[in-house]
Amino acid sequence: RILKEENAHIVMAGRVHQADGPMQEKLTEILTIIDNNSVLKERAHFIQNYDEPLARSLARGADMALNTPTTRNGNGEMISTEACGTSIFKDMLGNTILISTDDGGVADARIRAEREGVSDFTPPYLEITGETYQEELDSLYAQMRQASRIINDGNRITHTIEQLKEYLPVISGERMIQDYLEMTFPKE
């Protein structure tokens, strides 16, 4: 419904390791759900053979980015399936509104605020919250609608500047500089 109402599309990209049977099964399940739903079939797209040039194009062309790693196991205990978390920073540099759980690289700003004794920290990204799966899902949908409002109201740049202000100390770390230079100034 959100995709249709907001005239939005979801673009997913990835490459499943050939030895990762459970992920291959999950991807088949996701693609089957998409294929069996007329709205998703029109508005959800999976790009195969994800690589660095494709990643650059996606980071530059997206309006919003979803970062939704699994943060709770089946018993409701906190876990993390986030990798290194660097893709969110590339998204931010592309003026993309980030919608995320407080996990992986996105948690760096909250952790820094806690270390500095900031008691009224507000995440600069649109945070997915909730204690149950349904609460997290409802929060995700609400944040997707909020991101659409920000974009449609012409406030995207203001929002993404606030994200960058918060994350520049993390983004400008040594491990990220080479990636950003290559992304911003690609070799011809």
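**Exercise 1.** With which side chain does the side chain of Ser-100 make a polar contact?

*Solution.* First, a word on the model: it is predicted, so local features need pLDDT of at least 70 and side-chain atom pairs count only at pLDDT 80 or more, while totals for chains, interfaces and linings use all residues. Residues are numbered from 1 along each chain as its sequence is written, and side-chain values use heavy atoms, leaving out hydrogens and water.

Step 1: find Ser-100, which sits in strand S4, residues 97-100. Strands here are DSSP runs of E, at least two residues long, numbered from the N terminus.

Step 2: look for the partner. It's the side chain of Asn-67, at 2.8 Å. A polar contact is a pair of N or O atoms within 3.5 Å; within protein, one must be able to donate a hydrogen and the other to accept it, and residues adjacent in sequence count only if both atoms are side-chain atoms.

**Exercise 2.** Is Ser-100 buried or exposed?

*Solution.* Step 1: recall the cut-offs: buried is under 20% relative accessible area, exposed over 50%, partly exposed in between (1.4 Å probe, protein chains only).

Step 2: Ser-100 comes in at 0%, so it counts as buried.

Step 3: check what it touches (heavy atoms within 4.5 Å). Leaving aside residues up to four places away in sequence, the list includes Asn-67, Tyr-125 and Ile-128.

**Exercise 3.** Which residues form the covered face of strand S3?

*Solution.* Step 1: in S3 (residues 64-67), pick out Ala-65 and Asn-67; Met-64 and Leu-66 make up the uncovered face.

Step 2: turn to S4, which runs parallel to S3 and is joined to it by four bridges. Strands pair if DSSP finds at least two bridges between them. Here Leu-66 stands opposite Ile-99.
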